[in-house]
There are 2 protein chains.
Amino acid sequence: MAAARALRGNAAEVTLIDQTNHHLFQPLLYQVATAALSPSDIATATRVLMRGGSNLSVLMAEVTGVDIRARSVLLRDGHRLPYDYLVLATGSASSFFGQDNWREHTLVLKTIEDALAIRARLLEAFERAEQSTDDAEIRRLLTFAIVGGGPTGVELAGTISELARATLARDFSRIDPRDTRVVLCEAGGRLLSGFDPALSTYATEALTSMGVEVRIGTAVEAIDPTGVVLGSERIDTGAVLWCAGTEARPAAEWLGIDGVRNGAVTVRSDCSVPGHPNIFAIGDVASFEAGGDERLPALAPVAKQQGTYVGKLLAARIAGRREPGAFRYRDYGTMAVIGRSRAAAQFGRLRLTGFLAWLVWSLIHLMLLVDFRSRLVVYVNWAWAWFTYGRGARLLTGSTTSDARQPPLSDPESGRPDDK
Amino acid sequence: MAAARALRGNAAEVTLIDQTNHHLFQPLLYQVATAALSPSDIATATRVLMRGGSNLSVLMAEVTGVDIRARSVLLRDGHRLPYDYLVLATGSASSFFGQDNWREHTLVLKTIEDALAIRARLLEAFERAEQSTDDAEIRRLLTFAIVGGGPTGVELAGTISELARATLARDFSRIDPRDTRVVLCEAGGRLLSGFDPALSTYATEALTSMGVEVRIGTAVEAIDPTGVVLGSERIDTGAVLWCAGTEARPAAEWLGIDGVRNGAVTVRSDCSVPGHPNIFAIGDVASFEAGGDERLPALAPVAKQQGTYVGKLLAARIAGRREPGAFRYRDYGTMAVIGRSRAAAQFGRLRLTGFLAWLVWSLIHLMLLVDFRSRLVVYVNWAWAWFTYGRGARLLTGSTTSDARQPPLSDPESGRPDDK
């Protein structure tokens with residue numbers, strides 16, 4: 001989108017192809033998963049965002065490959081779309097380190113559908129626990145394991161703990177949602193490994209004080225439909241959320257080249273693919289060497305800056321103007337929210353924690369939302385949630401109860417409703 | 001809910017059983033179906049609404065029957081829930097006048113899932129049309145038939161026409177959404193048959209001026225996956241929305257009695273089921289004789305007033321106080337919205353049309369929303385939509401593209417993307 005926008009009004013004819021019809025503001029997706037926001041609060045129709053450029057068009061379609069020789073993109077429905085220049089920005093998907101059977105026992109957080117599936121599973125766990133009489137089953141249903149201690153894992157762990165301990169606390173007759181266990185496990189040496197170590201320590205302490213069990217240096221050994229094995233300990237769970245690994249497939253396969261790391265395409269200093277000066281890869285799908293062994297992180301600001309850069313480069317090339325030099329990433333800082341009034345942020349040498357970090361986080365994320373309506377609606381929802389601890393999107397929709405992967409409730413004949 | 005609330009703090013132990021976890025504000029559901037609002041704007045967690053009464057509990061479960069002798073409600077999971085008093089408020093479902101195969105070729109509007117399915121189908125039709133090169137196929141995809149000229153049919157017809165002609169008008173490169181046909185057909189003699197005839201005339205004129213084709217006295221003869229037959233004319237359609245009939249099954253079957261009309265249970269003047277003084281039926285599932293051959297209409301205000309009445313009656317009976325007399329419905333008026341700044345409303349002898357009716361409609365519906373957060377969010381969305389013609393919930397989610405009932409696009413090889 002950034003590349004297309006940089007080409008708006010230009011001589012180029014630009015087609016933006018996407019599988020979905022919307023642009024998703026990924027940093028707030030965990031709030032949809034935890035019932036604080038609605039999908040439409042953080043997603044905007046791509047066609048609305050691409051308005052105002054008669055040279056821009058949008059195609060909702062699934063790409064299945066690239067025919068480099070014929071310079072065409074292949075679409076799922078059999079169509080071919082010819083190109084002079086191709087910009088690949090296909091992002092990344094969850095990766096399970098070769099344990100592909102873990103995929104079916106876990107929930108991931110990449111799309112709106114993923115977020116709604118997590119929301120349904122969380123809310124359903126409490127409803128099922130309320131109906132059960134088996135104490136072990138209730139404990140299992142109210143135990144949530146989160147694998148991966150990056151920003152998404154930290155944000156989910158904190159928010160789920162708050163959901164249980166504040167929002168839902170008073171709403172059930174038979175169970176006490178404050179008994180909920182949230183276990184966050186990280187295989188590496190600390191949470192938020194991309195942040196300053198002091199902020200990692202802060203995140204661990206803050207989460208622990210909020211009732212989250214933080215397990216550092218703990219690898220997942222096994223995952224099955226009713227639990228996880230962490231190190232040597234088995235934990236029965238109502239849901240396992242997977243925030244551990246990503247891979248950039250399948251764009252490298254489309255080009256018939258070997259991806260470097262997690263399927264990402266190694267790119268040159270102008271974001272082009274080596275040997276293909278008219279093909280660019282940006283964002284998570286690209287592996288950009290930032291000097292030495294360092295590679296730019298898979299973060300939204302990198303993707304947006306690369307998009308704008310490639311758009312400007314193409315505009316210059318088409319117009320025959322001088323092209324910009326090598327791409328340089330400007331790091332404005334990173335942030336992770338931990339819970340109500342708590343966050344960790346770093347801007348250059350400045351480190352912020354606690355309420356101030358949370359305030360900065362809130363303001364920046366409100367500003368980053370692409371449209372004015374979303375900003376107002378999210379602001380209203382946040383203000384309401386802050387004062388009341390309420391969550392406005394506590395909706396269980398879709399036919400989640402028929403999820404075959406969930407074992408049935410314990411013996412119906414001993415069920416609680418009859419016991420009164 | 002009204003009955004349970006009237007028993008709050010009482011000696012009765014009240015269990016509210018519902019298949020969903022939320023209360024849905026049905027009158028605004030058509031706005032979710034047409035991308036103006038999000039599900040969470042008009043739905044609130046039942047547990048939140050039932051707070052504050054220690055004698056109230058909520059059970060999310062599916063009822064499969066009633067054992068009248070044992071005084072138990074039977075649940076899908078095998079549990080039984082014993083009762084002293086039973087209040088049935090199971091509402092109504094769409095009915096197809098015996099043409100049950102029409103169900104699979106049409107979309108109905110009762111639940112949040114229904115509304116999201118309509119939204120996806122509408123937005124997808126425009127995306128598919130944009131990709132097609134076959135003019136007949138484009139015309140088909142952009143033709144929407146709505147069967148039934150009651151408030152829901154009128155509201156959908158007007159809003160879909162506005163969606164196409166205002167919101168989406170500028171957002172496509174190849175198709176012109178203003179070519180969209182919306183055909184509203186009503187088998188009876190006029191639209192809005194429950195309203196004053198002058199308002200029916202107004203609705204027909206207003207819809208016609210908005211580009212809707214209104215067919216009065218036109219019965220549907222056939223429906224198949226790609227079109228409808230209205231009278232002797234076949235119309236190829238991208239979607240058929242069914243707003244024509246409802247039936248009250250299956251509560252009458254649970255009781256083993258014959259329902260009177262559309263499966264509704266005939267009730268006595270205190271809303272109890274004849275022969276079962278401890279069982280009550282209220283709302284759409286009840287058929288209440290209002291004098292002569294007249295029966296109370298299947299409207300939310302009737303259901304709410306009956307719920308409060310039965311709650312108070314049970315409170316009095318349990319406490320040994322004097323019970324209230326026969327139920328009497330107070331008709332405060334009816335309204336239907338037709339489009340931006342247009343509505344039809346009647347309050348007693350007063351009839352309103354146009355902007356004033358729309359303003360009254362907006363204010364009343366904002367007030368009727370159950371929580372403060374929803375009111376603010378809906379107000380923001382409406383204000384934004386009014387000034388910009390935008391719709392904030394233009395999201396295509398779920399795997400609607402795999403809908404087997406939709407025929408494939410025309411010959412891929414002749415597809416447009418390659419034609420440029």
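A:Ser341 counts as buried, at 16% relative accessibility. Buried means under 20% relative accessible area, exposed over 50%, and partly exposed in between, with a 1.4 Å probe and protein chains only. Phi of A:Ser341 is near 65°, a positive value in a residue other than glycine. A:Ser341 sits in the loop between strand 23 and strand 24 (342-347) of chain A. Helices (H or I, at least four residues) and strands (E, at least two) are DSSP runs, numbered from the N terminus.

B:Ala35 is not a glycine, yet its phi is positive, about 70°. The residue lies in the loop between helix 2 (29-33) and helix 3 (39-42) of chain B. B:Ala35 is buried, with a relative accessible area of 1%.

## Basis of the model

This is a predicted model: local features need pLDDT of at least 70, side-chain atom pairs count only at pLDDT 80 or more, and totals for chains, interfaces and linings use all residues. Residues are numbered from 1 along each chain as its sequence is written, chains are lettered from A and ligands numbered from 1 in the order in which they are written, and side-chain values use heavy atoms, with hydrogens and water left out.

## Aromatic pairs

The structure holds 18 aromatic pairs over all chains. Rings of Phe, Tyr and Trp (its six-membered ring) pair if their centres lie within 6.5 Å; planes under 30 degrees apart count as stacked, over 60 as edge-to-face and the rest as tilted. A:Tyr309 and A:Phe327 are edge-to-face, at 5.5 Å centre to centre and 65° between the planes. This pair links distant parts of the chain, 18 residues apart. A:Tyr309 belongs to helix 10 (residues 300-319) of chain A, and A:Phe327 to the loop between helix 10 and strand 23 (334-339) of chain A. Both A:Tyr309 and A:Phe327 are buried.

B:Trp361 and B:Trp382 are stacked, because their ring centres are 5.3 Å apart and their planes are at 25°. B:Trp361 lies in helix 11 (residues 354-368) of chain B and B:Trp382 in helix 12 (residues 372-388) of chain B, so the pair ties together parts 21 residues apart in sequence. B:Trp361 is buried at 2% relative accessibility. B:Trp382 is buried too, with a relative accessible area of 15%. In chain A, ring pairs link A:Phe96, A:Phe97, A:Trp102 and A:Trp242 into a cluster.

## Salt bridges within the chains

The count comes to 36 salt bridges over all chains. A salt bridge is a side-chain nitrogen of Lys or Arg within 4 Å of a carboxyl oxygen of Asp or Glu. B:Glu137 pairs with B:Arg140, the closest N and O atoms being 3.2 Å apart. Both lie in helix 6 (residues 135-141) of chain B, three residues apart, about one turn of the helix. B:Glu137 is buried, with a relative accessible area of 11%. B:Arg140 is buried as well, at 6%.

B:Arg234 and B:Asp224 meet in a salt bridge (2.7 Å, N to O). B:Arg234 lies in strand 15 (residues 233-236) of chain B and B:Asp224 in strand 13 (residues 220-224) of chain B, so the pair ties together parts 10 residues apart in sequence. B:Arg234 is partly exposed, with a relative accessible area of 38%. B:Asp224 counts as partly exposed at 25%.

In chain A, A:Arg178 forms a salt bridge with A:Asp176, with the closest N and O atoms 3.1 Å apart. A:Arg178 is partly exposed at 46% relative accessibility, and A:Asp176 is partly exposed at 28%. A network of salt bridges links A:Arg181, A:Glu213, A:Arg215 and A:Glu233.

## The interface of chain B and chain A

The contact takes 56 residues from chain B and 56 residues from chain A. Contact means heavy atoms within 4.5 Å. The area buried between the chains is about 5,200 Å², of which carbon and sulfur atoms give 54%. Buried area is the accessible area (1.4 Å probe) that two parts lose on being put together, summed over both. In chain B, B:Arg47, B:His79 and B:Arg373 lose the most area to chain A, together 13% of what that side buries.

Four salt bridges are found across the interface of chain B and chain A. The side chains of A:Arg51 and B:Asp171 also meet in a salt bridge (2.6 Å, N to O).
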